[in-house]
Amino acid sequence: MTIEEIIKPENLVAGRPALMNATPMHYCPGCSHGVVHKLIAEVIEEMGMEEKTIGISPVGCAVFIYNYLDIDWQEAAHGRAPAVATGIKRLWPDCLVFTYQGDGDLACIGTAETIHALNRGENITIVFINNAIYGMTGGQMAPTTLTGMKTSTCPYGRDTELHRYPLKITELAAQLEGTAYVTRQSVQSVPAIRKAKKAIRKAFENSMAGKGSNLVEIVSTCSSGWKMTPEASNRWMEEQMFPYYPLGDLKDKE
């Protein structure tokens, strides 16, 4: 087979989505962020919403997401993305509006904004990357850090007598009247990636249909913060995080 035959469109197995810029990513090897970026870009393109999507970028590892996805972006102060998204969606209800937040941004400094936006039923989607640690700022304990899990601020492991308990904010969201779709997914394998993409598509469609607020949690890895190889991180996530943060839909009003 010649190189010309290999690169024909009909022979293309995978490629960069049209909405993804050809910008080298700053994420660590094995990081889940890049995969989720690709899924979001694919869903927006498939929905035909390229010109009517506004993303709210966070403070944290994904602060530079606007470098990679060629849509309109608004950067928010730490934790305030749901509040910013609320204002944007109310001003431009015909736009697809979503936030992209890590566990520190969403479940710690942004807890109030997250809970109240979801409870109000704002027609937005929150994409929540949960790697159970502060990845960008030094690997500190996060609200979602597992019991016994070691971080730079709990080097002997999270102790429930001292630090209390990991926060299952997605379970809280599922109890709120305003939420339409609440789900927890992952992206460590091809089947998982396919399920995550379907979940993102459903959440975005709900947002556009005016059905209420949507939360898509992606249980993720942080090889650098966990001090593991990418392969070991995926294995640890499956063995340790999935039992505490089980995958699947938690709420679907349909």
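In the predicted model, helices α2 and α7 cross with right-handed geometry. Helix α2 spans residues 33-47 and helix α7 spans residues 190-209; the two pack at an angle of about 50°, and their axes lie 10 Å apart. On the α2 side, the contact is formed by Val-35, Leu-39, Ile-40, Glu-42, Val-43, Ile-44, Glu-46 and Met-47. These residues meet Ile-193, Ala-196, Lys-197, Ile-200, Arg-201, Phe-204, Glu-205 and Met-208 of α7. Sorted by class, the contact of α2 with α7 comprises 11 nonpolar and five charged residues, with no polar residues.

A further helix pair is formed by α3 (residues 81-91) and α5 (residues 111-120), which pack at an angle of about 35° with their axes 8 Å apart. Helix α3 contributes Pro-82, Ala-83, Thr-86 and Arg-90 to this contact, and α5 contributes Glu-113, Thr-114, Ala-117 and Arg-120. The contact of α3 with α5 contains three nonpolar, two polar and three charged residues.

The largest pocket has a volume of about 230 Å³. It is lined by 19 residues, of which Val-59, Gly-60, Cys-61, Gly-102 and Gly-135 are the closest to its centre. Strand β3 (96-102) and helix α4 (103-109) each provide at least two residues of the lining. The greatest contribution to the lining of the largest pocket comes from α4, which gives three residues. By class, this lining consists of eight nonpolar, nine polar and two charged residues.

How values were computed
Residues are numbered from 1 along each chain as its sequence is written. This is a predicted model: local features need pLDDT of at least 70, side-chain atom pairs count only at pLDDT 80 or more; totals for chains, interfaces and linings use all residues. Side-chain values use heavy atoms; hydrogens and water are left out. On a 1 Å grid over the protein atoms alone, a cavity is a set of points where a 1.4 Å probe fits but cannot get out, and a pocket is an open set with protein on both sides within 12 Å along at least five of seven lines; lining residues have an atom within 4 Å of a point. Grid points are joined across faces, edges and corners, and a volume is the space filled by probe spheres set on the points. Helices (H or I, at least four residues) and strands (E, at least two) are DSSP runs, numbered from the N terminus. Ala, Val, Leu, Ile, Met, Phe, Trp, Tyr, Cys and Pro count as nonpolar, Asp, Glu, Lys and Arg as charged, and the others, Gly among them, as polar. Axes are lines fitted to C-alpha atoms, for helices over the stretch in contact, and angles run from 0 to 180 degrees between N-to-C directions. A crossing is left-handed if the near helix is turned anticlockwise from the far one by less than a right angle, and right-handed if clockwise. Contact means heavy atoms within 4.5 Å.
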